[in-house]
Structure formats: C-alpha cells, structure tokens
Amino acid sequence: ALKQKLSDEQLELLNSLAVLDLPILLEVAKDVYDSKTLKDLIEIGLLKQNNGYVFFANKTLKEILEDNQKEDYHRLAVEYYEKLEKNIDVLTELAYHHLKLGNYDKSFDLFINTANQIYGRHRCVEKLIAIGEKLIDKVDEKDRVIGTLGNLYFVLKKYREAEKYYKAVLEGYVKKEDSRV
C-alpha cells in the first residue's frame, strides 16, 4: 500500500535513509540526498523535522525499510557520514557501512581506531562488537580484531566474554611464535 502512495524517488529515499542509525542532520542530508524529495517526505509526514534534524515519523516503518538494504544505500550513508564532524558515533557508523560495502580494510581501520577511543560505557560498543565479529575472518590482522573485541567486552563488564577473546588472541600469538621456531 505504501508503494502505491509514494513516488519511486520517495520510496527510494526512505529506503536509503533507513540505513542511517544516527539522527539525520538536514543540512548535510541535502548535500547527499535529493533535497526536493526530502522536503516532500517531511511535508507528507513520513519524516519529522526538529532542531535541524530529520527523523522517521514512524519507527516501525524505519525498521521495515531497514531490511531492504542495497549497496547504494550504504554508499550514500558513507558519503553522508563523511561530511559530518567525526566522533565515536559517526566513526562507528562509517565502520559499519564500509563493512556492508565489503571495504574490509577501511572498516577494520575505523573499527580499531574507534574502539581505542572508548574508555567507558558508550552506546556504540555493541555495534562495534558486531562489526568486529564480522571482520575476524575478513582481514589479515585477525589477532588485533580479537584483542579489541576482548577490550570492548571488558568495557561492558562482560568479563567471561572478554576472557574468551583474550585467550583466543594469546593462543594466536603463541601459535605464531611456535611456527617461527
């Protein structure tokens, strides 16, 4: 029913915006996404505008659209997040979208650098853990990913999980050392 009431451009933009997890800064979004279609979606009430940010008016709609992910949506998300001021939230989102695009080395660098900035509880820790777990078999520096996952679980005070990753990284280093002898 929604497809029948929206233009292809409006539906495509909604799908594209659904992959963004942070509040959408309207001024930046206008540089990346079609500003007329963005304005139309605000006018018909599918997006709400508040203090320069745009939000989905209906969280259920966003959740349904999130399952409709295309590579182009992640490419646009990277372009959007690259224009924002870099903080832990934005860097986490960049790591996630690079992962989705198959840019594993870029995702790895962002994952390591972002995780190393976290010293206490932060809302991005769980997402970073999910990114790291997907990166383990995608990058050469597997041990760094595993050790960083241990650190992230430690931050969450999930000590058994942290210990599991610390032991795994230690075993990896021991195997490397044994193979050199």
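Where does asparagine 51 sit? Asparagine 51 is in the loop between strand S2 (47-50) and strand S3 (53-56). This is a predicted model, with local features taken at pLDDT of at least 70, side-chain atom pairs at pLDDT 80 or more, and totals for chains, interfaces and linings using all residues. Numbering runs from 1 along each chain as its sequence is written, and side-chain values use heavy atoms, leaving out hydrogens and water.

**View A. Asparagine 51 has a positive phi.** The angle is near 50°, and this residue isn't glycine. Strands here are DSSP E runs of at least two residues, helices H or I runs of at least four, both numbered from the N terminus. Asparagine 51 is exposed, at 72% relative accessibility (exposed is over 50% relative accessible area, buried under 20%, partly exposed in between; 1.4 Å probe, protein chains only).

**View B. Lysine 157 also has a positive phi, near 65°.** Look for it in the loop between helix H10 (142-155) and helix H11 (159-180). Lysine 157 counts as exposed, at 61%.

**View C. Tyrosine 80 and tyrosine 81 pair edge-to-face.** Their rings are 5.2 Å apart centre to centre, with 65° between the planes (Phe, Tyr or six-membered Trp rings pair with centres within 6.5 Å; under 30 degrees is stacked, over 60 edge-to-face, the rest tilted). Tyrosine 80 is buried at 1%, and tyrosine 81 is buried at 0%.

**View D. Tyrosine 153 and tyrosine 165 make a stacked pair.** Expect 5.5 Å between centres and 10° between planes. Tyrosine 153 belongs to helix H10 and tyrosine 165 to helix H11, twelve residues apart.
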